[in-house]
Amino acid sequence: MAEDGKGTERVTFSRGYDVCIMAIDGTWRRDCTLNAISDTDAILTVEGSIQGLNLKEFFLLLSSTGLAYRRCELVRVNGAEMDIQFLRGKNRKKRGAANGQDAVA
């Protein structure tokens, strides 16, 4: 299912997939559910409070082994639902580029 207005197609799952979010330095890890994903962002549902977590930059672990992940940053929180944006390279955003160059976070 595609969501218009983002410039990329987003796949929305009828049943969420279990994933984890983890601090860059590994000091915290939280189970969550992946509800939708595109090339540049995703929507997650997190059980419990996210208070005290540093969500400026973190990893999204797509497997229980932690071998598959994406580097992310928080975009929006609405109750238990979070919108995240994928980063690429060292602190470089994939979206928000001006004049064909990436914006640096």
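Predicted model: local features only at pLDDT ≥ 70, side-chain atom pairs only at ≥ 80, totals over all residues.
User: Hi! Quick one to start: does Cys72 count as buried or exposed?

Analyst: Cys72 counts as buried, at 0% relative accessibility. Buried means under 20% relative accessible area, exposed means over 50%, and partly exposed lies in between, using a 1.4 Å probe and protein chains only. Residues are numbered from 1 along each chain as its sequence is written, and side-chain values use heavy atoms, with hydrogens and water left out.

User: Thanks! What is pLDDT, then?

Analyst: It is the predictor's confidence in each residue, from 0 to 100. The chain has a mean pLDDT of 80, and 77% of its residues reach 70 or more.

User: Good to know. How many helices and strands are there?

Analyst: The chain has 0 helices and 7 strands, so its pattern along the sequence reads β-β-β-β-β-β-β. Both kinds are DSSP runs numbered from the N terminus: helices are H or I with at least four residues, and strands are E with at least two.

User: Which way do S4 and S5 run?

Analyst: They run antiparallel, with 4 bridges joining S4 to S5 (residues 69–78). Two strands pair if DSSP finds at least two bridges between them. Leu60 stands opposite Arg70 in S5.

User: And what about S5 and S6, how many bridges there?

Analyst: S5 and strand S6 (residues 81–88) pair over 6 bridges, in the antiparallel sense. Your Cys72 stands opposite Phe86 in S6. The hairpin of S5 and S6 has 2 residues between the strands, and Gly79 takes a positive phi near 65° there.

User: Back to cysteines. How many disulfides does the structure hold?

Analyst: The structure holds 0 disulfides. Cys20 is in none, and the nearest cysteine sulfur, that of Cys32, is 6.5 Å away. The cut-off for a disulfide is a pair of cysteine sulfur atoms within 2.5 Å. Cys20 is buried too, with a relative accessible area of 10%.

User: OK, new topic. How many salt bridges are there?

Analyst: The count comes to 5 salt bridges. A salt bridge here is a side-chain nitrogen of Lys or Arg within 4 Å of a carboxyl oxygen of Asp or Glu. One of them joins the side chains of Asp41 and Arg10 (2.8 Å, N to O). Asp41 is in strand S3 and Arg10 in the segment before strand S1 (11–23), so this pair links distant parts of the chain, 31 residues apart. Asp41 is buried, and so is Arg10.

User: What does Glu73 pair with?

Analyst: Glu73 meets Lys56 in a salt bridge (3.9 Å, N to O). Glu73 lies in strand S5 and Lys56 in the loop between S3 and S4, so the pair ties together parts that are 17 residues apart in sequence. Glu73 is buried, with a relative accessible area of 7%, whereas Lys56 is exposed at 56%.

User: Where is Glu57 placed?

Analyst: Glu57 is in the loop between strand S3 (41–46) and strand S4 (58–61). It forms a salt bridge with Arg71, with the closest N and O atoms 2.3 Å apart. Since Arg71 lies in strand S5, the pair ties together parts that are 14 residues apart in sequence. Glu57 is buried, with a relative accessible area of 19%, and Arg71 counts as partly exposed at 25%.

User: Which residues do shared partners join into one network?

Analyst: Salt bridges that share partners join Arg76, Glu81 and Asp83.

User: Last one: what share of the chain counts as buried?

Analyst: Of the 105 residues, 31% count as buried.
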